[in-house]
Amino acid sequence: MIACAEAVKQRLLEAGVDKAEIHPTAGHPIVYAEKIVDPSKPTVLVYGHYDVQPADPLELWNSGPFDPQIVDGKIFARGSCDDKGQFYMHVKALETMVQTNTLENNIKFCIEGEEEVGSPNLATYVKANTNLLKADCVLISDTAMISLDTPSLDIGLRGLSYIEVEVTGPNRDLHSGVYGGAVANPITILAKMIASLHDENNHITIPGFYADVLESSAEERALMAEAPFKEAEYKADLGVIELWGETGYSTNERTGIRPTLELNGIWGGYTGEGAKTVLPGKAFAKISARLVPNQNSNKIADLLIGHLQTIAPILCNRKSHPAPWRRALPYPHGQQRLQSRQQSHGNHLWQSTRTRTWRRQHTHLQPV
Ligand SMILES: [Zn+2]
């Protein structure tokens with residue numbers, strides 16, 4: 001991580017910043033850089049992160065995860081689209097503007113190394129460096145575009161509630177030939193519990209789950225319906241024959257304005273090579289909910305845990321809970337920028353409330 005922070009600092013210096021520094025935190029360091037062309041001009045603060053998700057499963061990579069390869073015009077490497085590629089785009093844009101003498105505003109960079117674990121030290125750093133980071137706007141490119149040829153502004157991100165479930169059966173793993181049929185199998189119980197969390201319309205069955213959901217207006221839904229979304233391409237890209245989701249909502253609505261519940265992992269018993277006729281003593285699952293305004297992460301975790309505990313006695317651990325947010329329409333500043341960008345780009349710039357693929361590591365384990 002230190003080497004990576006050094007590399008970011010070096011690239012920023014090469015791009016032409018006045019100074020670039022590595023600032024230690026209680027965790028991984030933050031790279032700060034600035035180019036001040038005129039203190040009386042507005043300042044843009046670029047946020048990004050140089051840390052990445054784990055590279056495994058390694059066997060599914062066609063090339064080394066940290067050995068970038070360009071295939072069909074796309075860079076394949078861990079973090080190339082989250083978020084090294086995005087923030088590096090701004091570094092290279094700055095370089096071009098410096099070389100062509102077209103930089104009219106001041107620019108600062110704050111590139112952290114802990115986004116993928118929930119940015120545990122960023123808030124402390126920001127509070128301790130408010131003057132240093134002072135800016136007129138923050139530019140974050142850590143989100144997705146609605147399609148490859150459609151520049152997009154994200155005006156909302158879904159939040160997250162994450163729990164880990166442990167179902168305990170017999171006091172030890174048993175032999176299924178001896179005990180099978182006489183003792184409840186925790187994996188079977190867990191599977192039934194999980195299967196009961198959605199009804200036939202793919203609505204979530206947890207009582208109160210939708211109570212605080214801010215319903216989108218007809219105007220917002222009409223705008224979403226105009227988005228340049230091609231369902232056939234979406235399915236082909238994912239290799240699925242049919243899409244799946246909550247009845248009554250489009251795919252963009254399902255991934256943007258509706259809360260969801262997903263299984264992120266399930267394990268128990270014997271999962272190695274070959275066969276072992278075990279009746280396991282425990283089964284586990286990781287379950288997350290994607291949340292929309294005005295749902296509260298802790299409240300949803302309470303509802304989820306409470307509901308699961310009414311089905312079977314279980315142990316649940318809570319995980320990190322970033323909150324959802326969404327910019328309300330109308331969005332005048334964004335609209336102005338959309339129009340000017342549209343003119344220069346020739347393509348529609350799209351406001352999107354689609355979520356990026358946030359996968360948080362677990363930093364706050366609290367037994368319930
Ligand atoms: Zn990211």
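Asn202 is partly exposed, with 15 other C-beta atoms within 10 Å; on that scale 20 or more means buried, 12 or fewer exposed, and in between partly exposed, with C-beta atoms placed from the backbone. The model here is predicted, so local features need pLDDT of at least 70 and side-chain atom pairs count only at pLDDT 80 or more, while totals for chains, interfaces and linings use all residues. Residues are numbered from 1 along each chain as its sequence is written.

Asn202 sits in the loop between helix H6 (186-195) and helix H7 (218-225). Helices (H or I, at least four residues) and strands (E, at least two) are DSSP runs, numbered from the N terminus. Asp72, in the loop between strand S4 (69-71) and S5, counts as exposed, with 5 C-beta neighbours inside 10 Å. Both residues have a positive phi without being glycine:

| Residue | Phi |
|---|---|
| Asp72 | about 50 degrees |
| Asn202 | near 60 degrees |

Now for the cis peptide bonds. One joins Asp82 and Asp83, with omega about 5 degrees, and Asp83 lies in the loop between strand S5 (74-76) and H2. Another runs from Pro293 to Asn294, omega near 5 degrees; Asn294 is in the loop between strand S14 (282-291) and helix H10 (297-311).

As for H2 (residues 84-99), its axis comes within 8 Å of that of helix H1 (residues 2-15), and the two cross at roughly 20 degrees. That makes H1 roughly parallel to H2 (angles under 35 degrees count as such). Arg11, Leu12 and Ala15 in H1 meet Val91, Lys92, Leu94, Glu95 and Val98 in H2, a contact meaning C-beta atoms, placed from the backbone, within 7 Å.

Note on methods. Axes fitted to C-alpha atoms, helices over the stretch in contact; angles between N-to-C directions. Parallel < 35°, antiparallel > 145°, perpendicular 65-115°, else oblique. Contact = placed C-beta atoms within 7 Å.
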